[in-house]
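The sequence and the structure come first.

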Protein chains: 2
Amino acid sequence: MIGGAEDKGLNPERGEFQQQNLNYVELGILRRIVEETGGIDARIEVITTASTIPFEVGNNYLNAFGKIGCTNIDVMHIQKHEQALDEDCIKRIRACDGVMFSGGNQKRLTSIFNGTEFLETIIHRYQKEKFVIAGTSAGAMAMSETMIYEGNASRAHLKGEVKTTRGLGFMSNVIFDSHFEKRGRFGRLAQVVATNPKCIGVGLGEDTGMIITHGDRMEAIGSGLVMILDGHEINHTNIANIPTGNPLSVENLKVHFCARGNGYLIKERKFVEQITKSSEAVASDMF
Amino acid sequence: MIGGAEDKGLNPERGEFQQQNLNYVELGILRRIVEETGGIDARIEVITTASTIPFEVGNNYLNAFGKIGCTNIDVMHIQKHEQALDEDCIKRIRACDGVMFSGGNQKRLTSIFNGTEFLETIIHRYQKEKFVIAGTSAGAMAMSETMIYEGNASRAHLKGEVKTTRGLGFMSNVIFDSHFEKRGRFGRLAQVVATNPKCIGVGLGEDTGMIITHGDRMEAIGSGLVMILDGHEINHTNIANIPTGNPLSVENLKVHFCARGNGYLIKERKFVEQITKSSEAVASDMF
């Protein structure tokens with residue numbers, strides 16, 4: 001899951017700017033996705049459904065993966081529910097090693113994919129096989145069962161301001177938010193966690209991501225920060241008792257800041273100072 | 001301490017708008033300040049030093065306190081260090097029941113007042129007598145020993161991005177930030193708390209404040225939220241070891257959201273679900 005605006009190897013000399021000018025080869029999140037998926041020959045389908053400018057977005061990713069040396073990337077421009085029912089699309093999902101959901105609007109993802117065999121196939125492969133699901137911005141936010149789709153950051157401390165609905169449902173024990181520091185979204189994720197303390201809140205900064213393996217083990221990657229919000233020890237909250245529009249009261253929300261190399265174990269709810277790469281990534285040993 | 005933009009009883013029909021349109025008489029923070037200071041006959045000096053438009057700011061406060069029914073409010077337009085040395089100003093501080101620092105730039109407050117008898121007199125009266133110090137925005141941020149004066153919210157997760165200096169020094173065990181949700185300042189206060197875990201971070205929302213009595217007992221007032229950041233149980237942070245500009249790693253920051261009526265005890269580091277008014281406010285019984 002990536003917080004948006006991941007480094008796509010843009011070329012500043014040609015007027016292509018990125019907020020963080022990190023060494024693409026050393027730190028690129030996309031490079032790590034390729035590594036997790038099995039290396040530069042892995043087949044990755046880029047799904048541009050969240051975006052209303054799918055061709056531009058798709059070409060950006062083809063270009064970025066191309067710079068890494070990938071030889072087997074393709075783009076799926078599914079823009080309507082009926083296209084998701086197409087047997088060829090499902091076949092492509094059965095044949096690839098991983099998918100990458102682009103950014104855009106997360107409600108486009110859920111309204112087009114929820115209830116389809118296309119989505120069931122992704123979920124089945126994710127649960128039963130070695131299969132990578134990547135997503136950025138809206139593509140990350142849609143991954144959990146509970147998905148935030150609206151909420152003004154400066155009013156997010158008021159009950160009812162943050163709206164959630166059912167996401168794509170790859171995971172049930174986490175809730176994602178993206179562009180986290182840039183858009184000041186701490187309050188909005190905190191409200192959702194206070195309402196669903198079963199779930200760990202994962203606030204993804206830009207050009208920053210979390211690799212989750214076996215639905216449990218998280219490793220922070222990229223140039224920024226992932227904030228973990230743990231509501232399991234909340235002693236008091238007024239959220240059930242106050243009228244909509246009133247400010248929240250919350251006692252004892254636990255927060256961790258994960259920079260690159262830090263990890264978190266969801267089931268144990270444990271911050272890990274230095275987490276090793278997942279065995280899959282080590283095994284692929286692509287570079 | 002008020003997070004800025006407190007309700008000043010503006011009149012929308014005359015084109016005077018406030019973000020929160022709450023009932024001024026019931027919820028006004030200024031009314032509570034008057035109550036704490038001793039009632040509508042209490043003498044309060046409004047200190048406009050932080051502002052570069054002191055006369056406009058001063059008149060706003062005279063007008064707002066006037067609407068409450070106050071009869072004994074005055075304004076001190078100290079704009080230079082040498083004016084702070086004036087014996088008449090010091091006499092006025094000796095004679096009043098409380099002071100109110102306006103918003104503006106907190107570095108103007110420290111550069112003009114630090115090291116003066118004017119400030120020493122305020123501190124002495126605060127420590128030894130029944131004396132109220134109020135402040136909004138910059139006027140709140142300057143109150144602690146450690147004062148934040150700069151830090152871009154969207155880059156506040158990077159080491160060195162948040163700048164602090166010595167404030168007016170009324171309290172040593174807290175650090176204030178203002179306009180907290182509106183400007184997405186969680187990361188910036190968290191960075192300062194991670195560096196100074198001795199101090200409790202107090203993030204003040206707009207039209208929201210904390211009443212602190214006996215340097216320990218906090219009561220949230222106003223229409224929004226005060227976030228408390230407690231760094232005493234931080235297990236791991238990389239802040240001492242990473243180069244400037246790198247993202248922070250922090251394990252186990254404790255956060256509380258205080259809405260109106262919630263409290264916090266600084267020494268015990270304890271959230272209080274329902275805190276009663278301070279005995280001073282009850283005793284004044286102005287209304």
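This is a predicted model: local features need pLDDT of at least 70, side-chain atom pairs count only at pLDDT 80 or more; totals for chains, interfaces and linings use all residues.

Helix α6 of chain B covers residues 106-113. At its start, a side-chain oxygen of B:N105 comes to within 2.8 Å of the backbone nitrogen of B:K107. The buried residues in this helix are B:Q106, B:L109, B:T110, B:I112 and B:F113.

Most residues other than glycine have a negative phi. B:S137 has a phi near 55°, a positive value in a residue that is not glycine. B:S137 sits in the loop between β4 (132-135) and α8 (138-141) of chain B, and it is buried because its relative accessible area, 13%, is under the 20% cut-off. B:H214 also has a positive phi, about 55°, and is not a glycine. The loop that holds B:H214 runs between β9 (208-213) and β10 (217-222) of chain B. Is B:H214 buried or exposed? With a relative accessibility of 65%, B:H214 counts as exposed, since the cut-off for that class is over 50%.

**Chain A as a whole**

Chain A has 10 helices and 15 strands. Of its 287 residues, 61% count as buried. Among contacts in chain A between residues at least 6 apart in sequence, 72% join residues at least 24 apart. The accessible surface of chain A is about 11400 Å², and carbon and sulfur atoms account for 45% of that surface.

Helix α9 of chain A (residues 186-195) is mostly covered, with 9 of its 10 residues buried. Among them are A:F186, A:R188, A:L189 and A:Q191. A:Q191 is also touched by A:G160, which touches A:T244 as well, when residues up to four places away in sequence are not counted. A:G160 belongs to the loop between β5 (146-150) and β6 (163-166) of chain A and, at 30% relative accessibility, counts as partly exposed. From A:G160 to A:A50 the C-alpha distance is 25 Å, and the two are 110 residues apart in sequence.

A:R125 is part of helix α7 of chain A (residues 117-128). At 10% relative accessibility, A:R125 counts as buried. Apart from neighbours within four places in sequence, A:R125 is in contact with A:I93, A:R94, A:A95, A:C96 and A:F131.

**Salt bridges**

Over all chains, the count is 32 salt bridges.

| Pair | N to O distance |
|---|---|
| A:R92 and A:D74 | 3.6 Å |
| A:E117 and A:R94 | 3.0 Å |
| B:E36 and B:R32 | 2.9 Å |

The side chains of A:R92 and A:D74 meet in a salt bridge. This pair links distant parts of the chain, 18 residues apart: A:R92 is in helix α5 (residues 87-95) and A:D74 in strand β2 (residues 73-76) of chain A. A:R92 is partly exposed at 28% relative accessibility, and A:D74 is partly exposed at 31%.

A:E117 and A:R94 also meet in a salt bridge. A:E117 lies in helix α7 of chain A and A:R94 in helix α5 of chain A, so the pair ties together parts 23 residues apart in sequence. A:E117 is partly exposed at 42% relative accessibility, and A:R94 is partly exposed at 43%.

In the pair B:E36 and B:R32, both residues lie in helix α2 of chain B (residues 29-37), 4 residues apart, about one turn of the helix. Both B:E36 and B:R32 are buried. In chain A, salt bridges that share partners join A:R43, A:E45, A:D74 and A:R92 into one network.

**The contact between chains A and B**

Where the chains meet, 28 residues of chain B are in contact with 28 residues of chain A. The area buried between them is about 2700 Å², with 63% from carbon and sulfur atoms. B:H157, B:F186 and B:F257 supply 20% of the area that chain B buries against chain A, more than any other three residues.

How many salt bridges are counted between chain B and chain A? The count is 0, while 12 residue pairs are in polar contact across the interface. The elements giving two or more residues to the side of chain B that touches chain A are α9 (186-195) and β12 (250-258) of chain B. β12(B) gives the most, with 8 residues. By class, this side of chain B has 13 nonpolar, 10 polar and 5 charged residues.

How values were computed: Residues are numbered from 1 along each chain as its sequence is written. Chains are lettered from A and ligands numbered from 1 in the order in which they are written. Side-chain values use heavy atoms; hydrogens and water are left out. Buried means under 20% relative accessible area, exposed over 50%, partly exposed in between (1.4 Å probe, protein chains only). Contact means heavy atoms within 4.5 Å. Accessible areas come from the Shrake-Rupley method with a 1.4 Å probe; for residues, only the protein chains shown count as cover. Buried area is the accessible area (1.4 Å probe) that two parts lose on being put together, summed over both. A salt bridge is a side-chain nitrogen of Lys or Arg within 4 Å of a carboxyl oxygen of Asp or Glu. A polar contact is a pair of N or O atoms within 3.5 Å; within protein, one must be able to donate a hydrogen and the other to accept it, and residues adjacent in sequence count only if both atoms are side-chain atoms. Ala, Val, Leu, Ile, Met, Phe, Trp, Tyr, Cys and Pro count as nonpolar, Asp, Glu, Lys and Arg as charged, and the others, Gly among them, as polar.
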